[in-house]
Amino acid sequence: MAPLGPFDGDRRVAVAVSGGADSLALALLLAGWGQPLALVVDHGLRPESAVEAAATLRRLVNLGVPARLLHAHLRRGPALAERARSARYALLAGACRDAGLADLALGHHARDQAETLLLRQASASGPDGLAAMAAVAYADAARLLRPVLAILPARLRATLRHAGVGWVEDPSNADLATPRARLRAGPVLDPLVAARLAADAGAQL
């Protein structure tokens, strides 16, 4: 976290937790560093989502991380992924304001970074787009921090297994209707290649 600071003495930050391995591992790591508040968004788009959100809250409590459940009210239809993302960030921003927290940590990791770069290359993005995701970005209500952007997801999952913590696998991540899922379904992105792409993207920031 040090390169992303400065932080106040209490090290109070919000962390977005989907219930998946990456964000849960980040919450676990932040609990050993400071005082995170976990924000869990239930999009309500699948019958299982409420059960999964409740299980995630229990896991966070067991980790000693206070958590708040936020509800998005979405209907299926065109541009669902984009609408869900907008609703999620709006809820997270509002929760940060309500809690008086200036920083929101996100669980994007090295494979996410590599996939983002490849997708932007495929869409002929300009120099700004090819810089991919920034470790620190500024939004209306909070700074967006990506502390594990250089870490491969296998290490995050190993961290949870070592701590005896389970997680939720979201089936929407394998939905081939989305470009990212189609990229993942293609030839396997070698972890070392993913790490190199992530590092190259970071060097352009």
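Predicted model: local features only at pLDDT ≥ 70, side-chain atom pairs only at ≥ 80, totals over all residues.
The protein chain holds eight helices and six strands, where helices (H or I, at least four residues) and strands (E, at least two) are DSSP runs numbered from the N terminus. Read from the N terminus, the order of elements is β-α-β-α-β-α-β-α-α-β-β-α-α-α. Of the 205 residues in the protein chain, 40% are buried; buried means under 20% relative accessible area, exposed over 50%, and partly exposed in between (1.4 Å probe, protein chains only). The accessible surface comes to about 11000 Å², with 56% of it belonging to carbon and sulfur atoms; such areas come from the Shrake-Rupley method with a 1.4 Å probe, and for residues only the protein chains shown count as cover. Among contacts with a separation of 6 or more, 69% are between residues 24 or more positions apart, a contact being heavy atoms within 4.5 Å.

β1 and β2 pair in the parallel sense over five bridges; two strands pair if DSSP finds at least two bridges between them. Four of the five residues of β1 are buried, so this strand is largely enclosed by the rest of the structure. Within the chain, Val15 touches Leu26, Ala27, Leu30, Pro36, Leu37, Ala38, Leu39, Leu104 and Ala105, not counting residues up to four places away in sequence.

Eight of its eleven residues are buried, so α1 is largely enclosed by the rest of the structure. The buried residues are Ala21, Asp22, Ser23, Leu24, Ala25, Leu26, Ala27 and Leu30, and their cover includes β1, β2, α2, β4 and α6.

The nonpolar cores come next. A nonpolar core is a set of buried Ala, Val, Leu, Ile, Met, Phe, Trp, Tyr and Cys residues joined through side-chain atoms within 4.5 Å. The largest has 21 residues, and those with the most contacts inside it are Val15, Val17, Leu30, Leu60 and Leu160. At least two residues of this core come from each of β1, α1, β2, α2 (49-62) and α6 (153-163). The greatest contribution is that of α1, with six residues. A second, separate core of 19 residues includes Leu37, Leu74, Leu92 and Leu101.

Helix α3 (residues 80-99) has 20 residues, which at 1.5 Å a residue should span 28 Å, and its end C-alpha atoms are 28 Å apart, in agreement; the expected span is 1.5 Å times one less than the number of residues. Its buried residues are Leu80, Ala84, Ala87, Leu92, Gly94, Ala95, Cys96 and Ala99. They pack against β1, β2, β3 (67-71) and β4 (103-105). Just after α3, Gly100 takes a positive phi of about 70°.

Leu106 sits in the loop between β4 and α4 (110-122) and, at 4% relative accessibility, counts as buried. Its C-alpha atom is separated by 5.7 Å from that of Ala16, 90 residues apart along the chain. Leaving aside neighbours within four places in sequence, Leu106 is in contact with Ala16, Leu26, Tyr89, Leu144, Leu145, Arg146 and Pro147.

Most residues other than glycine have a negative phi, and most peptide bonds are trans. The peptide bond from Gly5 to Pro6, however, is cis, with omega near 10°, and Arg11 has a positive phi near 55°. Arg11 is partly exposed, with a relative accessible area of 38%.

Rings of Phe, Tyr and Trp (its six-membered ring) pair if their centres lie within 6.5 Å, with planes under 30 degrees apart counted as stacked, over 60 as edge-to-face and the rest as tilted. By this rule there is one aromatic pair. The centres of the Phe7 and Trp33 rings are 5.0 Å apart and their planes lie at 80°, so the pair is edge-to-face. It links distant parts of the chain, with Phe7 in the segment before β1 (12-16) and Trp33 in the loop between α1 (21-31) and β2 (35-42), 26 residues apart. Phe7 is partly exposed at 22% relative accessible area, whereas Trp33, at 18%, counts as buried.

Terms used. Residues numbered from 1 in each chain as written. Heavy atoms only, no water.
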